[in-house]
Amino acid sequence: QLQNKILILTVCAAGIGGTFQYGYNISIINAPTSHIQRFMNETWLERTGAPLDGNVILLLWSFTVSAYPLGGLTGAIAAGPMAIVLGRKTSLLFNNMFVIIAAVLSGFSRMAKSFEMIIVSRFFTGLNAGISMNVQPMYLAESAPKKLRGAVALTSASFTALGLVLGQVVGLRELLGAENSWPLLLASNVVPALIQLVALPWFPESPRYLLIDRGDKDSCVCALQKLRGHCDLSAELEEMLAEQAATEGQRAKKPWELFQNRAVRWQLLSIVVLSSAMQLCGNDSMYFYAAYVFQEAGIPQEKIPYVVIGTGSCELITSVTCNMIIDYAGRRPLLLGGYSFMAGWAIVFMVALSQQARVSWMPYLSMVCIFAYILSFGIGPAGVTGVLPTEVFDQMSRPAAYMICGSLLWFNLFLVGTAFPFIVKSLAHFCYVPFFLVCICTALYVGFFLPETKGKSFLEISEEFKKRNFKTHTRAFPYKGPEEIKSTVL
């Protein structure tokens, strides 16, 4: 049907220049690591006549890598105000400016003999990813019909995984991973940005944003007709008008106001727990171990990059699978199952690592653990976490909630990246104990405290959380006087 095609094309136009960039830019920096470090040394030698010390090169590379999450954190903070002032769609379009700046800087860095340009370009790339990681799920979830909301919002995770895999493929030596082509590799992120700049303007703004934030009912109806076709829109419009009435007279909330508001206590706690667990569960650290485990399993060194593509493909396959089943299975089972399986595989992985030198088939078990861990992450936590802030917060609180989520995601990414080498050094083969504890605690929280949001309207979800938020308040004064004293009449 035409309306389904319009919705699918909207998802693709938003995703290709949105969360796709997050995954793509994380993976393309891995292939040219040694080439860029050599370029830094050669540039410094030309400038000063003396080569850089090995520790200084490592420090400069650390700055280059750290610039990405720092930019992401800045972008996550800026995403909320942008989504409110510019709108969801316009924010995504404006966001491409940062990638274009980054592509120009990195593409001409070797010509200009400036490694500083690479560091600045990574900051702008992170800025773009930080904004898109927050605005895209918000835009898609607000544009989707209730019965498809989970699947449509979850495409953000699918595009992240797709970007990760394509970044690994493009970074191969045969394509742009060779020493003479690394500036082109780093600048290749301009292509998705240009595709989005051409495609996204043809699709409508979020109908909820137009009605509730802008108060423009005519534009909202027009956007709904584009997205749904000419089917009956009365029920959906009535639901939006009810939400508009519920938030009438309110302004968009600031992040600190959510922490002070008792009415969103459980919603806020839920997204803090799940957003933190997303990075603290150890999934990204599996990629750190992948090359070592594959080498121990006897895979030739020159073939390892091709096998590593398989790990990214696992995440892509599971996120697409999760996309198809989320609105049937629900959010809680996918999160609970994902974190529970990850906890189990973490134990098996630590045992396999500790016995790798003694038992000949242990490296193969370690390989299985890497793929299984990434599959478990992709089937639930990778996608569902990004959907929840849209579902559990109302229109006025949603941008602030995404600012908190995004800030936690990028801060924890930086924290794990910094701390993981020290965890490996101190705990050796048992380095996954902290990640195991995170997975267990998150699974318990989801099992006991997170309500299901599948197939419910935003108002219904708000009402369910309202009961939880004020349950203790109503229990604080249970005594209402003796039952028998109902009247003073004798």
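Guide: Start with Arg38. Its relative accessibility is 35%, so Arg38 counts as partly exposed. Bear in mind that the model is predicted.

Arg38 pairs with Glu179 in a salt bridge, and their closest N and O atoms are 2.8 Å apart. The two come from distant parts of the chain, 141 residues apart. Arg38 sits in helix 3 (residues 33–48), while Glu179 is in the loop between helix 8 and helix 9 (182–187). Glu179 is partly exposed as well, with a relative accessible area of 39%.

Helix 3 also holds Arg47. Arg47 forms a salt bridge with Glu116, with 2.9 Å between the closest N and O atoms. Glu116 lies in helix 7 (residues 116–143), so this pair ties together parts that are 69 residues apart in sequence. Glu116 counts as partly exposed at 33% relative accessibility. Arg47 is partly exposed too, at 42% relative accessible area.

Now a buried pair. The side chains of Glu236 and Arg228 meet in a salt bridge, 2.6 Å from N to O. Arg228 has a relative accessible area of 6%, so it is buried. Glu236 has 17%. The cut-off for buried is under 20%, so Glu236 is buried as well.

Arg228 belongs to helix 12 (residues 217–228), where Cys220, Ala223, Leu224 and Leu227 are buried along with it. These five cover an arc of only 115° around the axis, which puts them on the same side of helix 12. An α-helix has 3.6 residues a turn, so residues three or four places apart point the same way.

Helix 12 has twelve residues. From first C-alpha to last, helix 12 reaches 16 Å, close to the 16 Å expected at 1.5 Å a residue. Just after helix 12 comes Gly229, with a positive phi of about 85°.

Helix 10 (residues 190–199) gives a second case of one-sided burial. Pro192, Ala193 and Gln196 are buried there. Their arc is only 100° around the axis, which places them on the same side of helix 10.

Back to the charges. Arg88, Glu142 and Arg398 are linked in a network of salt bridges. In total, the structure holds nine salt bridges.

Notes
Residues are numbered from 1 along each chain as its sequence is written. This is a predicted model: local features need pLDDT of at least 70, side-chain atom pairs count only at pLDDT 80 or more; totals for chains, interfaces and linings use all residues. Side-chain values use heavy atoms; hydrogens and water are left out. Helices (H or I, at least four residues) and strands (E, at least two) are DSSP runs, numbered from the N terminus. The expected span of a helix is 1.5 Å times one less than its number of residues. Buried means under 20% relative accessible area, exposed over 50%, partly exposed in between (1.4 Å probe, protein chains only). The arc is that of the directions from the helix axis to the C-beta atoms. A salt bridge is a side-chain nitrogen of Lys or Arg within 4 Å of a carboxyl oxygen of Asp or Glu.
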